[in-house]
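Open the structure in your viewer and keep the selection panel at hand. The tour goes stop by stop.

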Amino acid sequence: MRMPIFLKMNILNWIRKGEVNETAEKKVFTEINSKNYSATYGPKYVTIDITNRCNLNCIVCWTYSPYLRKNKPSKTWYSNELSFDTVSKLINDLKKLKTREIRLTGGGEPFMHPDIFEIIELIKEKGFVIDITTNFTLLSQDKIRRLVSLGVDNLTISLWAATQKTYVKTHPRENEETFERLKSNIVYLNKIKKNTKVVIANVLSKLNYHEAYDMVSLAKELGSDEVYFAMMDPVHETRPLLLSKKEQKELKMLFLRLIKDYGSKKFGNLRIDNPENILRRIDNKRMHSGFYDSNIIYNLPCTIGYTFSRIMANGDVAPCCKSVMIPTGNINRENFIKIWNSQKQMAFRKIGLDLKSHPGFVEKVGCLKTCDNLMQNIETYEKMKHYKNEASE
């Protein structure tokens, strides 16, 4: 499988700069190659869903979309939230396991958590890279200054629109004033930030796909560093928002134009995160049915069980972003270090290295629809080849 050039250059740059712990990384690669399903080191990346509470009802959200009726989570789910003490114990475990990067995101809005700033401060004190995904609506300029002072490394802001009208369509509870306030606060953040990378995230559906090009132009106008695109991942009741075949063709033409202009530096230093990958997803013949990665999943091993973990707001540990229905443990009952090499976690690693023999598992997790860990898998796959070639020289 050919890797997108943008990702390949990033990986090579990381290796040259020594920004990875090569001893730990080579050990992981050795364990993968030898099919040793236990792991000496912990996950490199960890996502923590600190709360399931949210103040918005984004139109294609799996849990808060106004389209949801029968498929809504339970009332208990909406109140799930990790305590500061639980997060603190988890952070200490991750430090021992040599985890490098932590992202606060998940089923709800991180800034709904009462201890969000204390959690950010703790993560930075322990020396982790910290990323936060947020709808950004709850942040005042005072809170933005506090974020900058704490040294947040990456801030991903879900916008989903380039105009007031489309923002309201994709966020039915909000109004045009919210969109203008968001833009103003993003400009303010980009003016005062020090080392924080600001990413504008856009989930594309029938309601906003036509603004994909303008979303990039807006990100540049706001002074942001990067734009990230994802296709909506439907549940049964949000399927009417999937693109039709006609709309799929229109979006493909938009992205071809976007990639061409991006290559000619029309957007200056603004980066588009892996545009070839989103184009591949758009080009999938099954896209209009909500399948974006069915043309790639079986082309490489899934090694995410060695490099990633997701901690949900009820304490469940999911071995990949989408495997929430098959947790390998719960941090409210046992520490993460024990879970990381539990029988369930090792079973997940074993299946991942031989996905072709487990189509039922792939179907259950939903890998063929959208694999949210795909680029991490590609990164590991390419790094393994790099180190292997280096050793043979």
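The model is predicted.

**Stop 1**

An open sheet is formed by 10 strands, in the order 7-6-5-4-3-2-1-8-9-10. The pairing is mixed. Now colour the two edges: strand 7 (271-272) and strand 10 (329-330). Each of these pairs on one side only.

**Stop 1: strands 1 and 2**

Select residues 45-49 and 101-105, which are strand 1 and strand 2. The two run parallel, joined by 5 bridges. For one of these pairs, pick Asp49: its bridge partner in strand 2 is Thr105.

**Stop 2: strand 3**

Move over to strand 3. Strand 2 and strand 3 also run parallel, with 4 bridges between them. Pick Ile102, and its bridge partner in strand 3 is Ile130.

Is strand 3 mostly covered or mostly open? It is mostly covered, with 6 of its 6 residues buried. Show the side chains next. In a regular strand, side chains alternate between the two faces of the sheet. On one side of strand 3 are Val129, Asp131 and Thr133. On the other are Ile130, Ile132 and Thr134. Both faces are covered, and every one of these residues is buried.

**Stop 3: Ser205**

Centre on Ser205. This residue lies in the loop between strand 5 (197-204) and helix 9 (212-221). Is Ser205 buried or exposed? Its relative accessible area is 1%, under the 20% cut-off, so Ser205 counts as buried. Which residues does Ser205 touch, leaving aside those up to four places away in sequence? Select Val60, Met232, Leu241 and Leu243.

**Stop 4: the cavity**

Searching the whole structure gives 1 cavity of 30 Å³ or more. The volume of the largest cavity is about 190 Å³. Its lining has 20 residues; select Cys302, Leu355, Cys367, Cys371 and Asn377, the closest to its centre.

Now colour helix 14 (343-352), helix 15 (359-365) and helix 16 (374-392). These are the elements that give two or more residues to the lining. Last, colour the lining by class: 14 residues are nonpolar, 4 polar and 2 charged.

Methods. Residues numbered from 1 in each chain as written. Predicted model: local features only at pLDDT ≥ 70, side-chain atom pairs only at ≥ 80, totals over all residues. Heavy atoms only, no water. 1 Å grid on protein atoms, 1.4 Å probe; cavity = no way out; pocket = protein on both sides within 12 Å on 5 of 7 lines; lining within 4 Å. Points joined across faces, edges and corners; volume = space filled by probe spheres on them. Nonpolar A, V, L, I, M, F, W, Y, C, P; charged D, E, K, R; others polar. Pairing = 2+ DSSP bridges. Buried < 20%, exposed > 50% of the residue type's maximum accessible area, 1.4 Å probe, protein only. Contact = heavy atoms within 4.5 Å.
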